[in-house]
Amino acid sequence: MKKIVFVLMALSMSLMSMAEDHVMAATKGSKSNGKSDYPDTLSLNLKEAQDFAVDQNRTLKNASLAVQEAYAQRWQTIAAMLPQVDGSYSYNDYLGYKATMSMMGRDVEIGMPNQGSLVVTASVGINGQGIVGALLNNVAIDMKKISLEKSEVELRGSVMTSYVSLLALQSITELLDSSLVNIEELERMTQNAVDAGASEQTTADQIHVRVNTMRNNINVQRNNIALAYNSLKVLLDVPVETYLILEDDLDAILSPEAVLNLLSANFDVHNNLNYQLLEKSAELARRNVHMAGWAYGPTLSLAYNYTNQQYYGDGGMRMTPPNVIQVGVRLPLWSSGKRAAGVVEKKIAYQEALNTLSETTDQLAIQYNQLCYNLSSAYETYVTDKESLEVAQRVFASVTQKYKFGASSMLELTNSSNDLINAQSTYVQAMLSLVNAQVELEQFLNN
């Protein structure tokens, strides 16, 4: 019997070890190294920045840990149906007490020797709900993995938006800097003319106002650049003192080829992550119906009990058998309709999940068409506003040059300066709209 108990305990420990290895192996690839010593400078293209953020972002790490939790929960459900071994030892000291028994008309004292008892119990219980519960855990694991993938896709989109915004702001600031140089030169020339008596101070003051307006605009853009850098550092999860260098340029990212490739991609509703989550939710609801139905099923149990009593002293009666095997079946008979109502409830929830899935399928097709239209429209607007910005820049440069030789008026210079600033603002907005439309469609297609 001791050998049997030993084998059962060894089997239980082996199963526990296998479970731990399975959980660790299943999630090994999802773990990242955590925060380490970063270089002072990081030079990244867009793809490298996205990969870096995925590897370092703490939100994704939490999503990865949620997958590990789901694996652990599944093993708990499975382990509950595997052999369970419990052991206990107790020692009783009766402090010299003697029991009195009446035998043959007279009282007889019987000593109560000290007693030690070793009890080992091995048991296993299986029912339909436990098996369905393990299958439910499998669905939960799939949903956690889909949520992890969805978080990764959303993070990549956020990195792209932040990265492209930085490139655009830097480009606009460089353009403003070159414009400021030209208008500052005009200011010096006009002031020299005023000092020489060849021009009025009002003209110099008006140009000075344009210079200050341009400088304020540049300061605003530089503040926006600093904010965009900090936002990107948050997404990359790097220290604030890390210096970032962006290797890609706008034309490479916002190219016609990238937009056309995205618009020509085939739409498969099964690739959409939101659809996958709803599909798994419907599967979960279906298995819940089975779970509720198994409330009518039997529970099979098997147990083995080993007891070893040891008396320390004379006397003692061994009334407990050392080996006991117990086989049992428990069958639910009557619950006043509780189980039936539970099955009906789960069936209704399953039908609701199917209706939601069917409705979502139709809505996703419409949403795909709308996202394609948004991207196409945003790209056309971006191209138009980019050309308008280039035209406004050329006009401003031309008017500035003419103003130097007296061929254009202060009004023309003021108008061209305002047009340039407005064109820059419109261009940045168009660029952000294009990036957002591109990111939304990529996330929708799970590209």
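Lysine 386 is partly exposed in this predicted model, with a relative accessible area of 24%. Lysine 386 belongs to helix α9, which covers residues 338-404. Leaving aside residues up to four places away in sequence, lysine 386 touches Asp251 and Tyr427. The C-alpha atoms of lysine 386 and alanine 423 are 8.4 Å apart in space, while the two residues are 37 positions apart in sequence.

**Overall make-up**

The protein has 10 helices and eight strands. Of its 447 residues, 37% are buried. Among contacts with a separation of 6 or more, 83% are between residues 24 or more positions apart. The protein exposes about 25,700 Å², and carbon and sulfur atoms supply 55% of that area.

**Salt bridges**

Side chains of opposite charge can pair when their charged atoms come close. The whole structure holds 10 salt bridges. Three of them are listed here.

| Salt bridge | N to O distance |
|---|---|
| Aspartate 237 and arginine 58 | 2.8 Å |
| Glutamate 283 and arginine 287 | 3.2 Å |
| Arginine 156 and glutamate 152 | 3.4 Å |

The side chains of aspartate 237 and arginine 58 meet in a salt bridge at 2.8 Å, N to O. This pair links distant parts of the chain, 179 residues apart: aspartate 237 is in the loop between α5 (201-236) and β6 (243-246), and arginine 58 is in helix α3 (residues 58-79). Are the two partners buried or exposed? Aspartate 237 has a relative accessible area of 8%, under the 20% limit, and is therefore buried. Arginine 58, at 47%, counts as partly exposed.

Arginine 287 has a relative accessible area of 17% and is buried. Elsewhere, salt bridges that share partners join Lys47, Asp51, Glu152 and Arg156 into one network.

Arginine 156 is partly exposed at 22% relative accessibility, and glutamate 152 is partly exposed at 28%.

**Aromatic residues**

The structure contains five aromatic pairs. One of them joins phenylalanine 267 and phenylalanine 444, which are stacked with 5.2 Å centre to centre and 25° between the planes. Phenylalanine 267 lies in the loop between α7 (256-263) and α8 (273-293), and phenylalanine 444 lies in helix α10 (residues 410-445), so the pair ties together parts that are 177 residues apart in sequence. Phenylalanine 267 is partly exposed, with a relative accessible area of 26%, whereas phenylalanine 444 is buried at 6%. Ring pairs also bring in Tyr368, linking Phe267, Tyr368 and Phe444 into a cluster.

A charged side chain is placed over a ring elsewhere in the protein: arginine 339 lies over the face of tyrosine 296, at 5.7 Å from the ring centre.

Tyrosine 89 is in strand β2, residues 84-92. With a relative accessible area of 52%, over the 50% cut-off, tyrosine 89 counts as exposed.

**Backbone angles**

Most residues other than glycine have a negative phi. Which value does phi take at aspartate 237? Phi of aspartate 237 is near 60°, a positive value in a residue other than glycine. This is the loop residue between α5 and β6 that also forms the salt bridge with arginine 58, and its relative accessibility of 8% makes it buried.

Serine 336 is not a glycine either, and its phi is positive at about 60°. Serine 336 is found in the loop between β8 (323-330) and α9. At 62% relative accessibility, serine 336 counts as exposed, while aspartate 237 counts as buried.

Definitions and conventions: Residues numbered from 1 in each chain as written. Predicted model: local features only at pLDDT ≥ 70, side-chain atom pairs only at ≥ 80, totals over all residues. Heavy atoms only, no water. Helix = DSSP H or I, 4+ residues; strand = E, 2+ residues; numbered from the N terminus. Buried < 20%, exposed > 50% of the residue type's maximum accessible area, 1.4 Å probe, protein only. Phe/Tyr/Trp six-rings, centres within 6.5 Å; stacked < 30°, edge-to-face > 60°. Lys NZ or Arg CZ within 6 Å of the ring centre and 35° of its normal. Contact = heavy atoms within 4.5 Å. Areas by Shrake-Rupley, 256 points an atom, 1.4 Å probe, with all protein chains shown as cover. Salt bridge = Lys/Arg side-chain N within 4 Å of Asp/Glu carboxyl O.
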